[in-house]
Amino acid sequence: MSSYLISNVSVVGAAPTDVLIRDGVVAAVGAGLAAPDATVVDGTGLVALPGLVDLHTHLREPGREDAETVESGSRAAALGGYTAVCAMANTSPVADTAGVVEQVWRLGREAGLVDVQPIGAVTVGLAGERLAELGAMADSAARVRIFSDDGHCVADPMLMRRALEYVKAFDGTIAQHAEEPRLTEGAQMHEGEVSTRLGLTGWPAVAEEAIIARDVLLAEHVGSRLHVCHVSTAGSVEVLRQAKARGVRVTAEVTPHHLLLTDSRAETYDPVYKVNPPLRTATDIAALRAALVEGVIDIVATDHAPHAVEDKECEWAYARPGMLGLETALSIALDVLGPRWDLIAERMSRTPARIAGLEEHGLDPAPGVPANLTLVDPAARRTIEPAEMASRSRNTPYARMTLPGRIVATFLRGEPTVLDGKALK
Ligand SMILES: NC(=O)N[C@@H](CC(=O)O)C(=O)O
Ligand SMILES: [Zn+2]
Ligand SMILES: [Zn+2]
């Protein structure tokens, strides 16, 4: 295995030092390290972070390889500074058996760009009727610990209770897409002033908040771990705050787009802004940002949702919801939070790794630690060009926006997956 000496780099915002990587682990951290055999990577002006971990990624394989594959999504992730991603189960076939989660896990190993940790479905076919074989997925080579019907809500409270109870045996987590389906029938965007003006059916905040309120009570009742996907409203933050104050075992994520973009984007009728849950208001954004800083929201997760051109470049009502996220998440976080590196490391690497149980990830560079890390140039600014993205899809809401920060290099177990801003595989 090779050795790399990252010189003069700021580790999570601290004063510049050197980081020596050897045999897949961090061998030493300190100023003035000498290693004649090592390849030198000039870290001047760069910040080293523990490799980012995404708890919510759609890779579309199996089934929609035209939109994304495990390999193309892994490349997008590595370019975004990620060393691990959790792949959502709403593929075709659905990842509701040991066979499918093992296939996704194996494809991730073969691509070798990030660790791909499959998430298993909660219910068979995401149909919300009976539990999938959670135990078999947990025992499989993929060692599934997070289960989610994401894209759909586990709306039946009895099924949700059973799922929470079942995963408690192996300290698993149910990740809920919180959307009361009876309140969002035909919904096209956030229910509010803009939807009224545009005449589009609204997706009210209460459809999310009602499910989160129910689920934190269920999780409390059975003593299980609940994770709330893509929290998008100020009211959800208040429900989470109360639950956490009571000691409920709940964690929550917010996406980069819900921290930055408002429902006024729908005025363009450009379906690139159509997403579930929908873009909300400036008031919601302010509450989400504050909650993320405070820790009421634990992590940033991308909800990277690639869609083929024909599913996005059509009339708003027919377009599929979802937007790309992996290649822009760190830039949005930097834009929203500023250069608060410890906070960024906490919300985008350490805590998501802990929630997912990925023990080799989310660790700051220190001697003996697996060398999963990313180097960021905080001074760089780049203009987002959809055609230049590694994803097979083009549905980024940031096209032609100039964003701060650039990923210069990413290391997975001591080997670079990205160098000079370019993927090596
Ligand atoms: N976020 C979305 O709008 N879409 C996701 C599903 C989901 O995360 O709910 C997708 O799979 O496309
Ligand atoms: Zn979802
Ligand atoms: Zn999703």
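This is a predicted model: local features need pLDDT of at least 70, side-chain atom pairs count only at pLDDT 80 or more; totals for chains, interfaces and linings use all residues.
1. Residues are numbered from 1 along each chain as its sequence is written, and chains are lettered from A and ligands numbered from 1 in the order in which they are written.

2. His58 is buried, with 27 other C-beta atoms within 10 Å (buried requires 20 or more, exposed 12 or fewer, and partly exposed falls in between), and its place is in the loop between strand E6 (52-57) and helix H1 (70-79); helices (H or I, at least four residues) and strands (E, at least two) are DSSP runs numbered from the N terminus.

3. The unreviewed UniProt entry annotates His56, His58, Asp150 and Asp303 as "binding site". These residues span 248 residues in sequence, yet no two of their C-alpha atoms are more than 9.8 Å apart, so they gather at one spot. Such annotations may be inferred rather than shown by experiment.

4. Asp150, in the loop between strand E9 (146-147) and helix H4 (157-168), is also buried, with 24 C-beta neighbours inside 10 Å.

5. An automatic or database assignment divides the chain into domain 1 (3-47 + 367-423) and domain 2 (51-356), and 28 residues of domain 1 are in contact with 39 residues of domain 2.

Terms used. Two residues are in contact if their C-beta atoms, placed from the backbone, lie within 7 Å.
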